[in-house]
Amino acid sequence: HGPNRTGQNREVTFMSTAEKVQAVADLEEIIARSKSIYLTDFQGMDVEMATKMRRKLRDANVKYVVAKNTLTKRALRAQGVEGLDPFLEGPTGIAFGADEVAAAKVLANFATEFQKPALKAAYVGGHLYNADGIKMLAQLPSREVLLGQVIGALRSPMQGMVGVLSGSLRQMVGVIDAIGKQKQG
């Protein structure tokens, strides 16, 4: 109630117990489908900047949610995600990624360009990462690039083997042809 630090009146909204239960259930569902969870501090972002960031995240198949920290803690605990509680203080935006690094790339690039949002922590593959860890994750190649590299690495020896086999086959055909000509002659 009353004025906040900037002197503006702030409306306080209260959630009913049913709304809280539903909010936790919604968060649990998102957490269960996500391969990565990134926590950010969005303080100081204006509406235009926040909209631009959300659009970039959406384009990368990342869902960005702002929820009450207590409800987020309950949902994370219910889904077996541990270690993020200390980072759920103050205004927190949560990016839920369908893959491991897409959110890290968008958030790190955005933070570098605009100095916001502040990166707090991430939970990826059962591991906890701090802000520096998020920046390292952002430098990893995307899943598609990694798959392409693996396929290329697998294909290379097979192509070499095909070359050897076809060369051997040509030699064998040449030998059989020579034997056939020798028998005819």
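The hairpin of β4 and β5 has two residues between its strands, and G125 there takes a positive phi near 60°. Helices (H or I, at least four residues) and strands (E, at least two) are DSSP runs numbered from the N terminus. The model is predicted: local features need pLDDT of at least 70, side-chain atom pairs count only at pLDDT 80 or more, and totals for chains, interfaces and linings use all residues. Residues are numbered from 1 along each chain as its sequence is written, and side-chain values use heavy atoms, with hydrogens and water left out.

**Strands around β4**

- Strand β4 spans residues 118-124 and is mostly covered, with six of its seven residues buried (under 20% relative accessible area; exposed is over 50%, partly exposed in between; 1.4 Å probe, protein chains only).
- Strand β5 (residues 127-130) runs antiparallel to β4, joined by four bridges.
- Strand β1 (residues 36-41) also pairs with β4 in the antiparallel sense, over six bridges (pairing requires that DSSP find at least two bridges between two strands).
- A122 of β4 is the bridge partner of Y38, and A122 also stands opposite Y129 in β5.

**Helix α2**

- M49, M53 and L57 are the buried residues of α2.
- Seen down the axis of α2, these buried residues fall within an arc of 70°, so they line one face of the helix (the arc is that of the directions from the helix axis to the C-beta atoms).
- β2 (62-66) and α4 (102-114) are among what covers them.
- On the other side of α2, V47, E48, R58 and D59 are exposed.
- D46 caps the N-terminal end: one of its side-chain oxygens lies 3.3 Å from the backbone nitrogen of E48.
- Just after α2, N61 takes a positive phi of about 65°.

**T92**

- T92 sits in the loop between α3 (69-78) and β3 (93-97).
- T92 is buried, at a relative accessible area of 2%.
- The side chain of T92 makes polar contacts with the side chains of N69 at 3.4 Å and K120 at 2.7 Å (N or O atoms within 3.5 Å; within protein, one must be able to donate a hydrogen and the other to accept it, and residues adjacent in sequence count only if both atoms are side-chain atoms).
- Beyond neighbours within four places in sequence, T92 is in contact with residues including L39, F42, V65 and F87 (heavy atoms within 4.5 Å).
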